[in-house]
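Good morning, everyone, and thank you for making the time.

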Amino acid sequence: MKLPNVNRDRMVDLFCKLVSIDSPSKQEAKVADFIEDYLSPLGLKMWRDDAGIKIGGNCGNLHVRVPARGSKAPAVLFSSHMDTVMPGLGIKPRIDGDFIRSDGTTVLGADDKAGVTAILEMLKCVHESDMPHGPIEVIFDVAEEIGLMGAFEVDLAQVQAKYAIVLDGEDMDQIIYKSPSANRMLYEIEGIAAHAGMCPERGISAIEVFAEAVSNMKLGRLDDETTANIGTVEAGRATNIVCDRLVSRAEVRSHSIQKLEAQTQAMTAAIQNAIAKYERVIDGQSRKANLKETIKREFTAMDIPHNSLPYRVVFEAGTFVGLQMKPAAIGGGTNANVYNAKGLPAVVIGCGMRQEHTTNEHLAINDLELAARLCLAILFKNHEASVA
Ligand SMILES: [Zn+2]
């Protein structure tokens, strides 16, 4: 079996068009329109779900379905997100040998339009060839970069696939099978305001309380599977007021749920201890600062066994296109975390992006091409497994 030929020039052209369309999170409608136009000659079933309405964006997740042809193989879901991070408006892609770069003032948007390009090329190649394949399901999702919001809204009742392949990685020889859980925390500390020069003893500074708390927190890399970070702190109104309000955003990530929860609780406990330490008597009354904390599970850990169907199919597909696939664990969350948590096994594969989320972001064109070939090989191995 020979895979259909991937068209490199067509992919480069398509990628440059896709990144030239602005699509910040929750504003993906123009890219979805473009994808629908691009695919319309193929006569595929396409629809947008209600994720846009639910999250307050201008576009839902775009679903595409290709019926099986000459195969009893199970359906496979391919997924890439349509939104890009800032600075990402007015992207001007430039071809530089075997790479595509931005003009240096914006990201390139290869995260994740390289994935979108590879999936679209796969669909074109399938259409132009007569290769047998099981049902192909595609979800181009929205608002991934602001908390995997589109994927959370995917209704798996609309999905037949037994597993999902998420194109949202860098290197082509990696199967990302493992990533951590994450908690996102919002701390709001109410202190007590007082004139800083006349009567500071009548106030309790939220800044001092939080500084005390942070100095007693373990942060950064805690062990080989857990990290913690205070990301933002906003506080204070004027130099002559004892600060009565502080807001901080923080996160914990861990491959172990127990460690995730323990570290989250330890950070809250550090704040409570600091609040107790700064308790004081004002006007004969015992007063202390107050903490309001909001903890959200941002995503849940995934750890796909190497003998599972998605892992094996991707491994064999990689070998088929000349890649020695290696397992990889990452510290970030992707849509694969969401699909796994919903009960749909998913792994992440690369699509050639490099230094994403920076203005140095660039795309390796050879890898982009290879990503489309790997997707075709996944379809082929998925079919072959059903015949064997
Ligand atoms: Zn991404």
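What you see is a predicted model, in which local features need pLDDT of at least 70 and side-chain atom pairs count only at pLDDT 80 or more, while totals for chains, interfaces and linings use all residues. Residues are numbered from 1 along each chain as its sequence is written, and side-chain values use heavy atoms, with hydrogens and water left out.

The protein chain falls into domain 1, covering 8–179 + 301–387, and domain 2, covering 182–298, with bounds that come from an automatic or database domain assignment. Between the C-alpha centres of domain 1 and domain 2 there are 39 Å.

Let me move to the zinc ion, which is coordinated by His81 (NE2), Asp111 (OD) and, with two entries, Asp168 (OD) and Asp168 (OD), at 1.9 to 2.6 Å. Donors here are N, O and S atoms within 2.8 Å of the metal (3.2 Å for Na, K and Ca), and because water is not among the atoms, sites may look incomplete. Along the chain, the donors of the zinc ion follow the spacing H-x29-D-x56-D. Asp111 sits in helix α4 (residues 110–128) and Asp168 in strand β7 (residues 163–169), 57 residues apart, so that this pair links distant parts of the chain; helices (H or I, at least four residues) and strands (E, at least two) are DSSP runs, numbered from the N terminus. Asp111 and Asp168 are both buried, a word that stands for under 20% relative accessible area, with exposed meaning over 50% and partly exposed in between (1.4 Å probe, protein chains only).

How many residues of strand β3 (residues 76–81) are buried? Six of the six are, so β3 is largely enclosed by the rest of the structure. Val76, Phe78 and Ser80 point one way from β3, and Leu77, Ser79 and His81 the other way. Strand β3 runs parallel to strand β6 (residues 136–141), joined by six bridges, and also parallel to β7, joined by four; two strands pair if DSSP finds at least two bridges between them. The bridge partner of His81 in β6 is Asp141, and Leu77 stands opposite Ala164 in β7.

Finally, Asn337, in helix α9 (residues 335–341), counts as buried because its relative accessibility is 0%.
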